[in-house]
Amino acid sequence: MKTKLTLITIFAAMVFVIALFIGPKPISPFNLGEMGKDIIFSIRLPRVLVSILMGMALGASGAVLQGILRNPLADPYILGISSGAALAAAFGIITGLSLFGIVTIPLLAFIGALITGVFVGAMGWKRGGFWPDRLLLAGVGLGFLFSAMLMLLMSISSDEGLRRATLWIFGDLSIADWSIIPYGSVFIAAGLVVAMARAKALNALVLGDDLAHSLGFSPRKERFILFVSVGLMTAASVALGGMIGFIGLLIPHIGRFLVGSDNKVLIPVSAIGGGVLLCIADLIGKSIVSPMELPAGIITAILGAPYFLFLLRRKDVLSI
Amino acid sequence: MKARDKRYSNYFWKATAVLFLLFTLHPSLITSSYAEAPKRIISLSPSTTEILFAAGLGDNIVGVTTFCDHPEEAKLKPKIGGMSNPSLEAVITLKPDIVIMTTDGNPKEFEERLRSMNIKTYVFTARTMSQLPDGIRDIGRALNEENSFNTLASDIEKALGSYKARRQGISKKVLFMIWPEPLIVAGPGTAIDDAINLLGAANIADDAVIQYPKYSIEEVVRRSPDIIFVGKGSGMNMEETAGGLLKRISYIPAVKNNKVFYVGDGLYRLGPRVIEGLEELEGLLNKETKD
């Protein structure tokens, strides 16, 4: 296990360095030059950091959600959080709100995600606790409602606003900027720390509420804490760069295939895996048709889904 | 002659007479519909709307898209939906004599649908500035209003010609920003790219594959434009919207030397206002070359 973890960490570090120096056009780390320095520090570094932060948040929240909902198909977006964020952000983009300058759209997305999270939580709450199935259905229902409202907004907006909103919704890491990284990392780190601290409880929850109870955990309380951590991480991730599909759903399965289902290991591995995948995807997205760029979310799905299907054939990855 | 043969010969003459009538009537039918200019015109794109107004047919326009906001009168015309999703019902209800569409932005299926319902259509195919005058003349022909359209086309041709004659290598690298975040710029095949070339400068995004690509910020830094134009199309506060991005690339020549200019939307649509757009860019570029 230790070797595996070391290998994963080394691989992640390599990806980080490659993304920084290879990029759409390689820059020699030994001979940066004025322009190279500018490109690395003000464009590539914040972008790579944002992709890693977002990927970590999505990978880890996927692992936690699949655990608390006991559902292999759960991902951070199934709770409707992303639709709420997208709706709020699209509203801001299309109406041209710019109250808080550059952070307006990320802030709107974050608020939209949080409000949706609270909503889903309230609807999934009954008799002093969360009910996994209620949470799931509330999320799916709200997700549909918000998607429809988003479509409504997009169908009445101007072509220009539509294109911008679409690009943003599908994950636009090019807006990555130093100024939003501190906010994003605070929420993501907080969520991650909480999730890892409650990993043992999550292991127990996966076994069923009765067993969790007999192991000394309160399923209601644990589920609530973990739900809040997922909400924070997902909201921050969507706010940082839009909706990146696939990572939250499939990275935990790939993680389980690599290191097993102990959440103490699975959560950090899913986080690292998500970060690495999104970083690679963004690198490809901005390199293959340079000087144009493709949204990273499309690349994650095209890259990751076949690998997932391959795993599915080889081994039963659908168990939690 | 047998009775049966007689009957056949009867049929033959009757049929010939009918065919003759049809052939003589048919051209007259066409001329009758072409003789007068169409009274009720629907325009399905902002550029054709601007052309129609400039040629003096504003009063004949009975419907426009929601994006047709120029000239001011266009805003008062009944709306038939967007460019990519016009409402067939709204178009039919307005009983147009002709619907003017463009290849850029209007769905081809919509045109087929209109034709299948016997509604006359004309598709404007001009995409570049040099194609614009002939495109305008073609609309004139389709509307049987050749004089006013020919005059408009000649005016534009003359203006473009004078720019061509004055053209000089300015050796300035230019970036035209349509939107800052995500960064969308004017690429090849746009009136903006035509304008930059016509003025003798170089568009740094002219090797992109599509007209309005989402552009890499890294590439902007690498190609370091001398001048950045920011379009103020949507009536928003672009100074503020573009502020964040410009701060991030504050070390490139255009930003460092204060060569970022906010320009109007004259070049956004391939119509008569491209000349205004050209003038505006020329004024700014000339000032820069003199400095």
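Buried area is the accessible area, taken with a 1.4 Å probe, that two parts lose on being put together, summed over both. The exercises below use this term for a predicted model.

**Exercise 1.** Find how much area chain A and chain B bury between them, and which three residues of chain A supply more of its share than any other three.

*Solution.* 
Step 1. Turn to chain A alone. A:Arg164, A:Pro291 and A:Met292 supply 22% of the area that chain A buries against chain B, more than any other three residues.
Step 2. Count the residues in the contact: 30 come from chain A and 30 from chain B.

**Exercise 2.** State how many salt bridges and how many residue pairs in polar contact link chain A and chain B, and describe the side of chain A that touches chain B.

*Solution.* 
Step 1. The count of salt bridges between the two chains is four.
Step 2. A salt bridge needs a side-chain nitrogen of Lys or Arg within 4 Å of a carboxyl oxygen of Asp or Glu. A:Arg44 and B:Glu218 form a salt bridge, with their closest N and O atoms 2.6 Å apart.
Step 3. For polar contacts, the rule finds nine residue pairs across the interface of chain A and chain B, counting pairs with both residues at pLDDT 80 or more.
Step 4. Look for helices on the side of chain A that touches chain B. Helix H2 (33-68) and helix H6 (159-169) of chain A each supply at least two residues, and H2(A) gives the most, with six residues.
Step 5. Sort that side of chain A by class: eleven residues are nonpolar, eight polar and eleven charged.

**Exercise 3.** Work out the strand order of the four-stranded open sheet in chain B, and name the helices that lie across it or pack on it.

*Solution.* 
Step 1. The order is E2-E1-E3-E4 in chain B, and the pairing is parallel.
Step 2. The edge strands are E2 (61-63) and E4 (120-124) of chain B, as each pairs on one side only. From one strand to the next, the twist averages 35°.
Step 3. Take one pair of strands. E1 (residues 41-43) of chain B pairs with E2(B) in the parallel sense over two bridges. Opposite B:Ile42 stands B:Gly63 in E2(B).
Step 4. Helix H2 (residues 46-54) of chain B lies across E1, E2, E3 (98-102) and E4 of chain B, at about 125° to E3(B). Helix H5 (residues 132-143) of chain B packs on the sheet and touches E1, E3 and E4 of chain B. The direction of H5(B) makes about 170° with that of E4(B).

Definitions and conventions: Residues are numbered from 1 along each chain as its sequence is written. Chains are lettered from A and ligands numbered from 1 in the order in which they are written. This is a predicted model: local features need pLDDT of at least 70, side-chain atom pairs count only at pLDDT 80 or more; totals for chains, interfaces and linings use all residues. Side-chain values use heavy atoms; hydrogens and water are left out. Two strands pair if DSSP finds at least two bridges between them. Axes are lines fitted to C-alpha atoms, for helices over the stretch in contact, and angles run from 0 to 180 degrees between N-to-C directions. Contact means heavy atoms within 4.5 Å. A polar contact is a pair of N or O atoms within 3.5 Å; within protein, one must be able to donate a hydrogen and the other to accept it, and residues adjacent in sequence count only if both atoms are side-chain atoms. Ala, Val, Leu, Ile, Met, Phe, Trp, Tyr, Cys and Pro count as nonpolar, Asp, Glu, Lys and Arg as charged, and the others, Gly among them, as polar.
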